[in-house]
Amino acid sequence: MRNLALLGTRLVVGSYLAVHGAQKLFGTFGGSGLDKTGAGFDRIGLRPGRPMAIAAGVSELGGGVLTAAGIADPAGPLAIMGAMSVAATTHRAKGPLNARGGFELPLTNLAAAATLAAVGPGKYRIGPSLPRPLAAAGAVGGGLLAAGLVARMLTAPPPAPANPADREE
């Protein structure tokens with residue numbers, strides 16, 4: 001039963017994150033695509049927006065595929081954790097609930113990915129796990145990268161209003 005629960009969790013979390021990454025990168029599944037996503041990242045302080053959008057989309061798409069398949073565990077959940085750390089921080093000002101655009105969903109995805117990283121993919125998977133030293137290096141490197149992105153976003157100056165009439169005098 002445990003292995004079926006892990007498979008189900010991996011398939012749901014991994015598939016949704018893969019789709020979310022594809023929305024950013026390619027505009028598929030009703031997504032905005034790279035140019036609009038990059039512009040949005042610029043607006044929230046993740047600059048330069050387009051390269052940051054590529055990093056987020058690749059982390060979500062790649063992490064989602066690896067998680068769903070159970071390949072190279074824990075690389076997939078670690079990639080998702082990094083992307084969701086930045087996403088949760090992005091939504092912090094809107095509060096904890098998703099109904100107001102808050103951080104509920106990224107935090108839930110982060111928690112599910114952390115659980116999968118901690119317990120492993122279970123018996124039903126396509127490929128082997130990463131060797132421990134490589135997995136540890138990936139966790140440390142990814143954590144530092146996510147921390148750097150969060151710090152960058154938190155310290156970025158607010159964007160200038162798009163409309164000059166919106167500027168305060």
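## Helices α4 and α6

Let's start with a crossing: α4 passes α6 right-handed (the near helix is turned clockwise from the far one by less than a right angle). On the α4 side, the contact (heavy atoms within 4.5 Å) is made by Leu78, Gly82, Ser85, Val86, Thr89 and Thr90. Their partners on α6 include Ala135, Gly138, Ala139 and Leu149.

Helix α4 covers residues 75–90 and helix α6 residues 132–155 (helices are DSSP runs of H or I, at least four residues, numbered from the N terminus). Their axes come within 9 Å and cross at roughly 15° (axes are lines fitted to C-alpha atoms over the stretch in contact, with angles from 0 to 180 degrees between N-to-C directions). That makes α4 roughly parallel to α6, a label for angles under 35 degrees.

## About the model

This is a predicted model, in which local features need pLDDT of at least 70 and side-chain atom pairs pLDDT 80 or more, while totals for chains, interfaces and linings use all residues. Residues are numbered from 1 along each chain as its sequence is written, and side-chain values use heavy atoms, leaving out hydrogens and water.

## Helices α1 and α5

Now for α1 (residues 2–26) and α5 (residues 104–119). Contacting residues include Leu6, Val13 and Leu17 of α1 and Ala112 and Leu116 of α5.

Note on methods
Helices (H or I, at least four residues) and strands (E, at least two) are DSSP runs, numbered from the N terminus. Angles under 35 degrees count as roughly parallel, over 145 as roughly antiparallel, 65 to 115 as roughly perpendicular and the rest as oblique.
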